[in-house]
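This briefing goes through selected features of the structure shown below, grouped by topic.

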Amino acid sequence: MNDTACVESASLAVDAVLEQLSSTSDGLASPEAARRLAEVGPNAIRSHHARAWAVLTRQFRSPLLLLLLVTAGVSGILGERTDAVIIGAILALSVGLGFVNEYQAERAVEALHEEIRHDALTLRDAEWKDVDVTELVPGDVVRLELGMIVPADLRILEATNLECDEAVLTGEAEPVVKSPDPVAPGLATADQASCAFMGTTVQEGSGRGVVVATGGLSEFGRIALGLGEHQPETAFQLGLRQFSGLLAKIAAGLTVSIFVVNLIVRHPILDALLFSLAIAVGITPQLLPAVVTTSLATGSRRLARQKVLVKRLVGIEDLGNVEVLFTDKTGTLTAGRIVFQRATAPTGGPSDDVLFLGLLCNEATPAPGGPLGGNQLDRALWDAPGTDRLPLSATRRLAMLPFDHDRRMTTVLVETGDRGRLVVTKGAPESVLERCTGVAAEAVAFLDTEFAAGSRVVAVATRSAPSLERLGPDDERELELAGFLLFLDPPKVSAKESLARLARLGIEVKVVTGDNPKVAEKVCESIGLRSVGTLTGPEIERLDDRALADSLGRVTIFARVSPEQKARIIRAQRVTAHDIGFLGDGVNDALALHVADVGISVESAVDVAKDAADVVLLEKDLGVLANGVVEGRRIFSNTIKYVLMGTSSNFGNMFSAAAASAFLKFLPMLPSQILLNNLLYDGGEMTIPTDNVDEEMLERPSHWDIRFIERFMLVFGPASSAFDFVTFALMLWVFHAGAGSFRSGWFVESICTQTLVIFVIRTRRTPFFRSRPSRPLLIASLTTVTIGALLPVSPFAHLLGFGHLSPLFYFALVLMVIAYLTLAELIKQRFFRPRRHSHPLAARPPDRDRRIQRRAFRWSLNKALSSHPPFRNVGKLGS
């Protein structure tokens, strides 16, 4: 097959396709599959491999840093070799610090991807086996089931009412009916009815297909590779970019101003350039990416231990922003262990015949290790006592209409022998009863009683069909109600405490379910979730978008809703400017998961739900989700601590340097000393990600507010500068210091004040010592201050350009630090007001591109793709 393998195979008969692939309807043998994998490469279009060289390269993306390196090199050539070597060594240490932390974060992402496995049910050695999607090869035979994401480009071999949603490829909303019959040559992708394309979703039915193209040779792979690996920007990333842009503008302004001032006062041009560039590097948040990635990597490891996996590290921050959570009922509010209770006649009496009919109309398959396939209700039915005594072997299934979320039913055509040919329908009572004739009032009353008791109820109906050969939706008519199947899914013991914890975190929980409204209300009542109102699918259908949005504040439970209605509800809630989380694990949840700000699913979910989600829970529990929310808020809080440090102390010190250079006959601090100061400070603050966060800071989500950061900088920056000017006066008029001693005094005061003020800024409690910092932050900060204070009296003092400091200076330093921290505490009390929430909206790429990017990581490999040959012409494997 050539590079249009799927399109070419669409017009060929099934046997011809299998022959060209040297395969059979029973798939490949494992040795042959291994040989083909080695030949064509993995079925991958993304790599999550941590590349050290790429991380190292990113450390040099700052043009200021590169310009400083060049200028230092020129300085060395012109004779200032010692300064050039010192500057180079300090920059190398700074780059190394950023590299180590960012590379560790990349390794954390790599480990995160390894935790999430994507399998396809594949025929290997004539047996169905779970095979990692990246190991599929042309010739493999794959089973397609409802909710599955097609793992490669397939030529359809068998199809039972199979329909695929191909919107991710074509943009068309309507699903495409699939069939093994060949199509005419030369048709567009949307018309290839005999193929199922990689990345599309099985929306209805089931089938089998043979792999004809993998990786970059698939239609989806080509598009994904064309988009590149750049991911959509989140609100958190947008805030980071805006903040970095703000400091870049300030740095540019200071650099130019300082350079001009130094020329005016006739400092040497090269010294002035080095000094101004060092100032710019000092204020530029070089290690902000490292701090952020370290925070996120630390958070991802904590969350993994708490059974929460995030697909992208920045998703942790978004999880912390959730204010309204929509969740399904099964497994979150209930135990998720559905148990069959009994089968009844329409009026409530016991009936083995209804159990027998329910097993005939069942999409699960009995197996030694337990039933496979189908939904939870189907599998629970096979575990019912007495199934082995029923005459199931005397029946033969002729056709099936699988369950879908529009009909809410499964229907089969079976040959029963003594009862002839029957249509058997099983599904939601409301849907089944609509298609029945002569339903007794007693049956309706019994049904209402069971709903009110919280039972999960499935209705079963039949009709005789002696001449029926094929089965279609129109055959679900004129049925006779046979009875009901009753199931129990008890409330989860931990749900009440989990809901209370989410409430303390300021998260409003709403329930979205396909179940009966009375059942949902009973469950909510039993776990203490106060409902202010219920809205059903038919009622939602009668509301326009504005009316739906207006009603949301009066509704807690949404029942009997369709997948489209779930997405409508999420869109309507987003109008309120809250960040929305949606927790779901079914096929019918995929649309809502895509629409929500944070899509959350579970490891046991269907493919399409896990793919649409940003966060995957290894355990379907609201308590686990609450842990993720707390971690997201903790990370954001610690990131903001570093940001506020950078906009206060750093800005204040650099402003002081600019002002001092205007009236001093010498540079107030050498370029190498500025860089050393910056390196020591950043090294100490790299432990901020480990810091404790006050409980009150976790009660509500926080958001980026650039105006708030600007105000903080304009208030705390001058306070820092004021103590710098006190130090200048002290050094010049009290200690009568020369250039070397002046630089030593300011260096020590600067490193002490800007490092220790973190203990004031890190908390909003007053006084600050009521909040306990983490041990790593405390140790790192005190170590930084100690090193900074001792450098001027160390053996390296002369080499670094430091002069002598009087012992009295250190006494004065202690007084200044105490005064500065006291002033910062007073300013903090007046500055902080009740937090205002801002919700910057990240610019998203077109929705189709966004879905392709999110879905592409399903075929991700822990290797550099360039070292494998999946994108070359595979050729005819059988030749």
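Val-256, Val-260, Ile-264 and Val-265 make up a nonpolar patch on the surface, and together they have about 340 Å² of accessible area. The model is predicted.

**Surface patch**

- Val-265, one of the patch residues, is found in the loop between α9 (235-264) and α10 (269-283).
- Val-265 counts as partly exposed because its relative accessibility is 30%, and partly exposed is the class between buried, under 20%, and exposed, over 50%.
- An α-helix has 3.6 residues a turn, so residues three or four places apart point the same way.

**Aromatic pairs**

- Across the whole structure, a search finds 20 aromatic pairs.
- Phe-728 and Trp-746 are an edge-to-face pair, because their planes are at 75° with the ring centres 5.2 Å apart; the cut-off for edge-to-face is over 60 degrees.
- Phe-728 belongs to helix α26 (residues 706-734) and Trp-746 to helix α27 (residues 739-756), so this pair ties together parts that are 18 residues apart in sequence.
- Phe-728 is buried, at a relative accessible area of 3%, and Trp-746 is buried as well, at 2%.
- Phe-809 and Tyr-810 also form an edge-to-face pair, with 5.7 Å from centre to centre and 75° between the planes.
- In that pair, Phe-809 counts as buried at 1% relative accessibility, whereas Tyr-810 counts as partly exposed at 22%.
- Phe-728 and Trp-746 are also part of a cluster linked by ring pairs, together with Phe-666, Phe-725 and Phe-742.

**Helix α27**

- Helix α27, which holds Trp-746, has 18 residues, and 16 of them are buried, so the helix is largely enclosed by the rest of the structure.
- At 1.5 Å a residue, α27 should span 26 Å, and this agrees with its end C-alpha atoms, which are 26 Å apart.

**Charge over a ring**

- The charged end of Arg-143 sits over the ring of Trp-128, at 4.6 Å from the ring centre.

**Ala-547**

- Ala-547 has its place in helix α20 (residues 545-551).
- With a relative accessible area of 28%, Ala-547 is partly exposed.
- From C-alpha to C-alpha, Ala-547 and Ala-572 are 9.3 Å apart in space, and they are 25 residues apart in sequence.

Notes
Residues are numbered from 1 along each chain as its sequence is written. This is a predicted model: local features need pLDDT of at least 70, side-chain atom pairs count only at pLDDT 80 or more; totals for chains, interfaces and linings use all residues. Side-chain values use heavy atoms; hydrogens and water are left out. Patches are made of residues with over 30% relative accessible area and no salt bridge: like charges are joined within 9 Å, nonpolar side chains (Val, Leu, Ile, Met, Phe, Trp, Tyr) within 5 Å. Accessible areas come from the Shrake-Rupley method with a 1.4 Å probe; for residues, only the protein chains shown count as cover. A salt bridge is a side-chain nitrogen of Lys or Arg within 4 Å of a carboxyl oxygen of Asp or Glu. Helices (H or I, at least four residues) and strands (E, at least two) are DSSP runs, numbered from the N terminus. Buried means under 20% relative accessible area, exposed over 50%, partly exposed in between (1.4 Å probe, protein chains only). Rings of Phe, Tyr and Trp (its six-membered ring) pair if their centres lie within 6.5 Å; planes under 30 degrees apart count as stacked, over 60 as edge-to-face and the rest as tilted. A charge sits over a ring if NZ of Lys or CZ of Arg is within 6 Å of the ring centre and within 35 degrees of the ring normal. The expected span of a helix is 1.5 Å times one less than its number of residues.
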